[in-house]
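Dear colleague,

I am passing on the structure we spoke about, and my notes on it follow below. Please read them with the model open beside you.

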Amino acid sequence: MGAALATLAGVGVVVDHQSAVDARDRLRTQALTELDAGIAVLEVTSTLRYDLSLDPARLPAPLRASLPSAGEDRAATYYADGRMWAARRLSSDRVASVTLDDGPVRAARTSLRRRMLVAAGAVLPLTALLGLLVGAGLSRRLRRAAAAAEVISHGGTARCTVGGRDEVAALSRAVDDMADALERRFHVEQAFSADVAHELRTPVAALLSASELLPPGEITDLLRGHVARLRRLVEDLLEVARLDSATEEVSLSVHRLGSLVPGAVVDRDTDVLVDPRRVERIMTNLVANAELHGGGLTDLRVDGPRVVVRDGGAGFPADVLAAGAIRFHSTGKGTGLGLTIVQGQARALGATVTMANPPTGGAEVVVSFQEPGPISGSTGSTVSSG
């Protein structure tokens, strides 16, 4: 609306100025024509037309100063105070002049302004409506692209394909191409992790069995520790692969949350709809993550359907807070799969995981579980996590 109004106002000012210049030029031409006609009548009949004057004192001082000498057959014009003068020097003491009033010019200009206002009043609503429709369509397409990019940045899947050949359509195609490339890379990564885990499972089991047959000693203990760590990594990879496939059947039943979190301070206990085995996996990974990478567990608390886990470390990195758990994201002390498993298991249970760095320091993870509905009982119900 503002842009349309400014455009119309600008056009109106330009048209009004140009019309004033043209009208003044026509008035000047008319004055010169009247002057030539009056001088011709004077020279032939020695009489003055009613509109011709020979009195130099009547002329404005700027016009008198600009008059050429008597020998030059050239006239001068001057416009001021709504009047147009045209004058020519006939002799040293005689100057022929004509004066025209610009009243008709002002009337025509006023009429033009009135017509422009009427036209602007008719065109402005249409222009504003057209601008609103175009702007709304452009804004809607840009919001669609922005929403898709936001979903993709958080690891989701989205497309924002819009028609057209303009810049917005090119942007949406670029976002879709980026989403396709990221999805392909993610599937390749998933397949690679799952394949590696499956291929390693058998030889790692053989290594574990073989290490149990070694004689006791410091080297044997060191070897067994490394083999056990390798086995946990393989099991974590397999678990992540199962969670990524989203095909596991999840058996949910009603339990008191406090009984599922050993060692927790229970502020307020309540029933939740969960799979106890998956809750155990979530809590095991959170506590291990706090102990190994977070400077030690400082608080483990049950508050209604929520479990709060805090540690005394340096807090989560900014990229983890922004995008959530990043698999294989490590500070050099672990594989980075713990939080990935936590989020995957929580997703299978319909729970939510929130990560933050409290002002008091350290890192905080809050897992909020589902509460049973009014028809839920104590028997388990099987649902698909996909």
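In these notes a residue is called buried when its relative accessible area is under 20%, exposed when it is over 50%, and partly exposed in between, using a 1.4 Å probe and counting protein chains only. This is a predicted model, in which local features need pLDDT of at least 70 and side-chain atom pairs count only at pLDDT 80 or more, while totals for chains, interfaces and linings use all residues. Residues are numbered from 1 along each chain as its sequence is written, and side-chain values use heavy atoms, with hydrogens and water left out.

The chain has nine helices and 12 strands, where helices (H or I, at least four residues) and strands (E, at least two) are DSSP runs numbered from the N terminus. Of its 386 residues, 32% are buried.

Let me begin with helix H7 (276-293). Its 18 residues should span 26 Å at 1.5 Å a residue, and the end C-alpha atoms are 25 Å apart, which agrees; the expected span is 1.5 Å times one less than the number of residues. Arg278, Val279, Ile282, Met283, Asn285, Leu286 and Ala290 are buried in H7. These residues lie on the same side of H7, because they cover an arc of only 160 degrees around the axis, the arc being that of the directions from the helix axis to the C-beta atoms. Glu280 and Leu292, on the other side of H7, are exposed. Just after H7, Gly295 has a positive phi of about 75 degrees.

The largest nonpolar core has 31 residues, and those that touch the most other members are Val261, Ile282, Met283, Leu286, Val307 and Phe369. Such a core is a set of buried Ala, Val, Leu, Ile, Met, Phe, Trp, Tyr and Cys residues joined through side-chain atoms within 4.5 Å. Helix H9 (338-349) is among the elements that each supply at least two residues of this core, and H9 gives the most, with five residues. Val307 touches, among others, Leu257, Met283 and Phe369, not counting residues up to four places away in sequence; contact here means heavy atoms within 4.5 Å. A second, separate core of 11 residues includes Leu27, Met84, Ala86 and Leu100.

Finally, there is an open sheet of four strands in the order E1-E4-E3-E2, with antiparallel pairing, where two strands pair if DSSP finds at least two bridges between them. Strands E3 (residues 83-89) and E4 (residues 95-101) pair over seven bridges, and Ala86 has Val98 in E4 as its bridge partner.

With best wishes
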